[in-house]
Amino acid sequence: MYDEFNNENKIIDVEDNGFKDESTEHISDPVTRNKKIKSRRLPKFFSFFLAGSIILGSGFGAGYGTASLVNGLGQPETEALALANTTESIQPVVLTSEVDGDYVNPVTAIAQAAGPSIVTVISVVDQVLPGFFSNQVYESEGTGSGVIYKITDDGVLIITNNHVIEDAKSVSVMLDSGVTLVGEVLGFDSRNDLALVKVSNDELESNGVDQLTPAVFGDSESLMSGELAVAIGNPMGKEFSQTITAGVISAVDRELTIDDTTLHVIQTDAAINPGNSGGGLFNKNGQVIGINTAKLVDSSVEGMGFAIPVHIALPIIERIENIGNGENIAYVMEDERAYLGIMMGSATNNNMPFGVYIQDLVENGPADQADLEAGDIIVALDGKKVTDAQMLYDALTDLKPGDEILLEVLREESFVDIHVTLGRYGDYKEE
């Protein structure tokens with residue numbers, strides 16, 4: 001079947017630790033994230049980095065946890081949950097005050113309650129160094145952070161960033177107790193920089209782990225600028241695990257562009273350092289409201305970190321859990337996704353500096369019914385320039401069946417505007 005999710009000519013430009021790789025990759029395969037991040041609302045001379053920790057030359061990154069506060073006072077009474085418990089039995093950790101009139105720093109209470117749900121995620125990758133006679137391959141270890149998301153019948157699930165586990169040949173998880181467990185990548189979403197790691201019950205039992213404390217998640221849609229923000233994670237590796245930083249919510253809905261993919265993120269001035277990636281940003285109630293992923297880097301700027309809101313992250317994590325094949329779910333089609341019905345190619349292979357070349361159309365599909373033609377080159381969608389197949393796919397992912405879009409295409413030597421009503425993928429997929 002031909003469709004927009006079979007891109008045989010996609011060229012992916014990867015820059016990581018100074019090395020550059022160019023390869024042709026099927027769009028349904030995992031897409032490597034470029035580590036350069038741009039902000040739509042900041043001057044071009046600013047740069048960002050994904051909050052990763054570098055050990056032996058490998059960059060990764062951050063932490064997660066949770067609790068609930070009563071009036072922001074009191075010492076935490078953390079209740080660890082037995083591994084046999086299901087997710088339905090998980091309740092918020094409640095912090096209560098035992099000494100009336102005594103002020104207790106809410107950051108202290110949050111840190112004590114959330115600590116048991118914060119883990120270190122350790123990834124081992126192969127690094128290739130060009131040699132005079134031959135390339136040298138060696139293993140390097142990178143560390144990031146994670147949060148205990150859910151306890152299931154099969155084990156424990158941990159949220160982290162995709163760039164923490166990206167290209168890892170093996171993954172392990174270190175608990176706050178110092179016990180290190182072998183993990184498995186259950187799946188990841190390269191577009192939204194999220195991943196889910198599983199530690200099996202057998203691994204837990206063989207290491208004598210019989211109790212864990214899952215995180216509790218808050219409402220990131222009700223945040224207001226100026227609220228307390230606390231980040232917990234493992235900056236700069238295992239030696240600095242359980243590091244606490246605090247600040248405020250600087251903004252609730254910033255747009256960052258990573259590899260031409262737009263993320264809507266929370267901005268905070270709580271310090272987010274290398275190793276904090278995948279970690280938790282907590283609200284005043286000690287609930288996780290964001291997943292730390294990046295910060296602004298500039299000699300004249302301090303305190304600009306960014307986290308993925310949980311109201312965006314959790315549905316993606318649930319989808320990864322449901323699919324659970326260890327692969328990239330960013331390009332896995334589901335019945336309810338918007339569908340254009342084209343096979344895409346690279347416009348640069350057809351003497352155009354940008355755009356998406358239509359190689360073929362699904363018979364009677366939305367594009368075919370709208371009189372798009374094989375050979376057309378899509379250069380804009382709803383007035384926004386389309387540089388490549390990745391950008392078109394990302395735009396379609398944010399739409400739904402029944403939406404009408406306006407495509408500007410180059411046909412032979414003329415530009416043509418064509419209206420298309422998107423279909424439902426489930427109505428066109430091959431059984």
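## Contacts of isoleucine 317

Contact here means heavy atoms within 4.5 Å. In this predicted model, isoleucine 317 is in contact with Tyr149, Ile159, Leu194, Ala195 and Leu196, leaving aside its neighbours within four places in sequence.

## Nonpolar cores

The largest nonpolar core has 25 residues, of which Tyr149, Ile159, Leu194, Leu196, Phe282 and Ile317 touch the most other members. At least two residues of this core are supplied by each of α1 (106–114), β12 (136–151), β13 (155–160), β16 (194–200), β18 (228–233), β22 (288–297) and α4 (310–323). α4 gives the largest share, six residues.

Another core, of 22 residues, lies apart from this one; Ala338, Ile342, Ile358 and Leu392 are among its members.

## Helix α4

The buried residues in α4 are Val310, Ala313, Leu314, Ile316, Ile317, Arg319 and Ile320. Elements including β12, β13, β15, β16, β22 and β23 (305–309) cover the buried residues of this helix.

The expected span of a helix is 1.5 Å times one less than its number of residues. With 14 residues, α4 should therefore span 20 Å, and the 19 Å between its end C-alpha atoms agrees with this. Glycine 324 follows α4 and has a positive phi, near 50 degrees.

## Serine 190

Serine 190 sits in the loop between β15 (180–189) and β16. Its relative accessible area is 3%; buried means under 20%, so serine 190 counts as buried. The side chain of serine 190 makes a polar contact of 2.8 Å with the side chain of asparagine 328.

Technical notes: Residues numbered from 1 in each chain as written. Predicted model: local features only at pLDDT ≥ 70, side-chain atom pairs only at ≥ 80, totals over all residues. Heavy atoms only, no water. Core = buried A, V, L, I, M, F, W, Y, C linked by side-chain atoms within 4.5 Å. Buried < 20%, exposed > 50% of the residue type's maximum accessible area, 1.4 Å probe, protein only. Helix = DSSP H or I, 4+ residues; strand = E, 2+ residues; numbered from the N terminus. Polar contact = N/O pair within 3.5 Å; in protein donor to acceptor, adjacent residues only side chain to side chain.
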